[in-house]
Protein chains: 4
Amino acid sequence: MKIGMIGLGRMGGNMVARLKNGGHDVVGFDMSPDSGRDVDSLEALVAALEAPRAIWIMVPAGKPTDSTVDQLAQLLEPGDLVIDGGNTRYREDQRHAKELEQHGIHFMDVGTSGGVWGRTEGYALMAGGSAEDYEHIRPVLETLKPQGDSGLVHAGPVGAGHYVKMIHNGIEYGMMQALGEGYAMMEASELVDNPRDVCDSWREGSVVRSWLLDLLVRALDDDKDLEHIAGRAQETGEAKWMIEDGLNLGVPLPVTAASLFARQNSQLDDPMTMKVVAALRNQFGGHAVDKA
Amino acid sequence: MKIGMIGLGRMGGNMVARLKNGGHDVVGFDMSPDSGRDVDSLEALVAALEAPRAIWIMVPAGKPTDSTVDQLAQLLEPGDLVIDGGNTRYREDQRHAKELEQHGIHFMDVGTSGGVWGRTEGYALMAGGSAEDYEHIRPVLETLKPQGDSGLVHAGPVGAGHYVKMIHNGIEYGMMQALGEGYAMMEASELVDNPRDVCDSWREGSVVRSWLLDLLVRALDDDKDLEHIAGRAQETGEAKWMIEDGLNLGVPLPVTAASLFARQNSQLDDPMTMKVVAALRNQFGGHAVDKA
Amino acid sequence: MKIGMIGLGRMGGNMVARLKNGGHDVVGFDMSPDSGRDVDSLEALVAALEAPRAIWIMVPAGKPTDSTVDQLAQLLEPGDLVIDGGNTRYREDQRHAKELEQHGIHFMDVGTSGGVWGRTEGYALMAGGSAEDYEHIRPVLETLKPQGDSGLVHAGPVGAGHYVKMIHNGIEYGMMQALGEGYAMMEASELVDNPRDVCDSWREGSVVRSWLLDLLVRALDDDKDLEHIAGRAQETGEAKWMIEDGLNLGVPLPVTAASLFARQNSQLDDPMTMKVVAALRNQFGGHAVDKA
Amino acid sequence: MKIGMIGLGRMGGNMVARLKNGGHDVVGFDMSPDSGRDVDSLEALVAALEAPRAIWIMVPAGKPTDSTVDQLAQLLEPGDLVIDGGNTRYREDQRHAKELEQHGIHFMDVGTSGGVWGRTEGYALMAGGSAEDYEHIRPVLETLKPQGDSGLVHAGPVGAGHYVKMIHNGIEYGMMQALGEGYAMMEASELVDNPRDVCDSWREGSVVRSWLLDLLVRALDDDKDLEHIAGRAQETGEAKWMIEDGLNLGVPLPVTAASLFARQNSQLDDPMTMKVVAALRNQFGGHAVDKA
């Protein structure tokens, strides 16, 4: 089918390639003239598509997505469909859908997982929106997803796609931290000759076999003992949002929270919390403190 | 090769079946007359094998394993090999090895993962011991492991097998808790139509694809919404031991610990810690308490 | 000074008593006719005070406080002052202040700690607002606070009072949970003859001496071993809000979060997270599950 | 009464001063000639006391204490009493008691809290041992403790003193971390004018009033914003031991564990766990990593 794509960065660009490869007619737009864009403005993008249009947004969450939705609300016609494939928070989806609905424009959110591997292996897609809109863009989703039976779900109404993507990423945080803790324990022990080989052996038959484990072996093959990688990991919004929601739903999330805190902690050079602890130890016990 | 197997329960029995199927000559012993045992005493087991003997112990960790090792120390000859395939703590392995060494008997520990699936899919095996002993029982290990390239590792000297099995299980705890937290969040949200279908979709293309995810979908197909399963999970020793070791190695394990605490907590009907918190709230704020 | 008090429940009623005892002229209003109110409507309350009026709101956070502020915005005159002494979230304070400012009405938020003890011992007060407004109601604050040098702070602009009260309560959560964990460990050990006496002994000379420890001894004297108190503790909003803010500020709060999760967990009869963990153990290991 | 003191460091030296001030006859020994010792060998110490002797050991836990107990076992007479006032793990106490009992020598363990403040304010003392031995050294304990009604407990048999001291320190960890998290949140917010003043105000009327809060204000007065103190805090053994025991008793200790992990984490420059997390993010998402 014919579809517009806004945002031709790493994710959007790869998706365009996969879609074209699957026989779709994609018109791409990006702010950057060097992006290989097909048209040089949103207006031109809209003009290049026929109603009812389908336009997939693949730009950073927050301001860039907000602004794109605002502009499309003005440019599109009733019956057109906007799909947000980025990392928008699901509550924002609900706001965007309401805004577009006032112009008769449809909206879907599609959480997308698979990273740099998606172009060749396909993307796991989690869609939120009406059944009608889901069927409308299904040809596109079927091309983007992996080739097997899984990899695509219509999770629920608008917002559900990014909600379950948020949950997916929260689980991902916990799994990564679990692997990290286990690997660190092997590396710290004198008993284990080669932690990499242990991880490699777990790829069959073990309970922890998983894609993340495969990637860990791959990372260790790229950089033995990970000696060139600093022990600092960034966090994106999803785990944070999930914890916020869990707080309000009364679902305790100790592992997700511990995973997030570990990342936040890794970003702090001189945490104030530990200054206080060190200062208190010094006060009551005369224990020496390190100078800052 | 010819090998003795002590313990013909769920794990030991399945391993015997897989070994026999692979052409090995297995002599089985178990305390229970109804176990399908080949011999009815340890003495008879030893007599049925020729030196240098290889005997695989597959009985519960702790007293049963200790007692079996003690008896084998008396019954076996120098050059024989004892393999502990159970869930013994690695420090106990080191003690067992020392005890047997005084009689010239060799020892290996082989951590075994795969549960009820191992008989058909093969077991992930993590071996600790000397290179010589490892080569000696390699035919047996090759039969027990899955058919692919992975699933078997010689992790290091005596103790290393159970050490990395302990780590494996700690990672398993974290992964399971991460999946549990994520599933609970989908189930608690009104946005998600069918959490089971979301999990199923993640089996391809997603970052969290894993055997545990496959099993979660299977469990949900067996019992929709898990309504017949109580929210209580037991803990076995491994995560606990891993945390103890982490404490002493200075490797913080927040996710492993949170996963263990969640299980311990699920076993408590009326936790004293929370009685204290409730009592304090009542004292300072006059907040009502639930009656015990 | 003359002041109006809206809300004559446990907190508001006690504060009126302390204020009258301190020589202030308090006009009290409450929705309930049985509250001992001085006037029977907000209009009458406003009429009973002279401009520039000071009115202290002591009603539940959320809708009741919102509605009271809305009504006062209509009834009061420019130059009047509204003080929210309840448990409002600081962001709502900022919204309330903005709303009132449009009518020229001043606003302060005063976080209040001390619970049922405040009437006799005084309340710890944390004020947010302008220096001018703080000086204006200082006589009232000086009467409400304890008699020593501490117990009152002008924490910052509007919102700062409830912000630091939120932090206070978060710290309170951590301290209570720490005491609970310690007490539970003494109760679980056969070595400790009488945990209550240990706590009592810590009230002097120890590092953990604190008001909460005093209250714990008091609770244990009321109900030996806390046998009549269920191990379930409710959470109010503050720790939750603090964690939300911490997530966004990048300040890891593992202890505050663990304390909140422990309370949320104590409210769950059959946690879905642990159903998943139990189901997974059953799937891979054939481990029995408890029936729900 | 007459008593021997082994170890005249910061703790032992201050205790001798407090005891002498209280009218006791103390014979002090230390390995170091510059310690102000009264005698220059254990033999001389034993010779300077009359049977039944009471000797208080105040040396580092582990080897120094072990070695001292071993030597005293050879030097003392049946009926003499050894008191370990250090930070020995309670299981070691039980071993020491058994060793001494073979020579008819009595043993007590006395957990001691109060740090550098103990000399003037008194020490919180938690004793383990027989009722008879407790009464025997009670005059010494009464002098060392603070002057009020609290500060001393006979917690149970041998080991109980150090067990409850271990719990005390675990609670201390949680309280310190709770204060640290709260302070960090005030410091990170633009709303709070002066976090130090807020803490100072909490010293009366608030729920969190405590000695640790007093010390925090003192620390902030010594070093505004703690700018000269690094955010790194050491751990001593107690919280670690408490968590180990909690694991085995089935008492979940999320706050104690989180507090310990925070300290361990503060000691790590380049945590392997976070290298793994960063490496995995790079593998699946192409996210940049920091170079180590």
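Predicted model: local features only at pLDDT ≥ 70, side-chain atom pairs only at ≥ 80, totals over all residues.
## Salt bridges between chains A and B

Across the interface of chain A and chain B, the rule finds two salt bridges, a salt bridge being a side-chain nitrogen of Lys or Arg within 4 Å of a carboxyl oxygen of Asp or Glu. In one of them, B:Arg209 pairs with A:Glu121, and the closest N and O atoms are 3.1 Å apart.

Residues are numbered from 1 along each chain as its sequence is written, chains are lettered from A and ligands numbered from 1 in the order in which they are written, and side-chain values use heavy atoms, with hydrogens and water left out.

## What chain A brings to chain B

The contact (heavy atoms within 4.5 Å) takes 71 residues from chain A and 71 residues from chain B. Together the two chains bury about 5,700 Å², with 71% of that on carbon and sulfur atoms.

Helices and strands are DSSP runs numbered from the N terminus (helices H or I, at least four residues; strands E, at least two). Helix 8 of chain A gives the most to this side, with 18 residues. By class, the side of chain A that touches chain B holds 37 nonpolar, 23 polar and 11 charged residues. In this scheme Ala, Val, Leu, Ile, Met, Phe, Trp, Tyr, Cys and Pro count as nonpolar, Asp, Glu, Lys and Arg as charged, and the others, Gly among them, as polar.

## The sheet of chain A

Chain A has an open sheet of seven strands in the order 2-1-3-4-5-6-7, with mixed pairing; two strands pair if DSSP finds at least two bridges between them. Strand 2 (25-29) and strand 7 of chain A stand at the edges with a single partner strand each, so one side of each has no neighbour in the sheet. From one strand to the next, the twist averages 25°. Strand 4 (residues 81-84) and strand 5 (residues 106-113) of chain A run parallel and are joined by four bridges; A:Ile83 has A:Met108 as its bridge partner in strand 5.

Two helices lie across these strands. Helix 8 of chain A lies across strand 4, strand 5, strand 6 and strand 7, at about 15° to strand 5. Axes are lines fitted to C-alpha atoms, for helices over the stretch in contact, and angles run from 0 to 180 degrees between N-to-C directions.

Over all chains, the count comes to 76 salt bridges. One of them joins the side chains of A:Lys2 and A:Glu50 (3.2 Å, N to O). This pair links distant parts of the chain, 48 residues apart: A:Lys2 sits in strand 1, and A:Glu50 in the loop between helix 2 (42-48) and strand 3 of chain A.

## Where chain D meets chain B

The contact between chain D and chain B takes 20 residues from each chain. About 1,700 Å² is buried between them, and carbon and sulfur atoms give 70% of this area. D:Leu247, D:Pro252 and D:Phe261 supply 39% of the area that chain D buries against chain B, more than any other three residues.

How many salt bridges are there between chain D and chain B? The count is zero. Two residue pairs are in polar contact there, both residues at pLDDT 80 or more. Helix 10 (237-249) and helix 11 (254-266) of chain D each supply at least two residues of the side that touches chain B. That side has 12 nonpolar, five polar and three charged residues.

Terms used. Buried area = accessible area lost by both parts, 1.4 Å probe. Polar contact = N/O pair within 3.5 Å; in protein donor to acceptor, adjacent residues only side chain to side chain.
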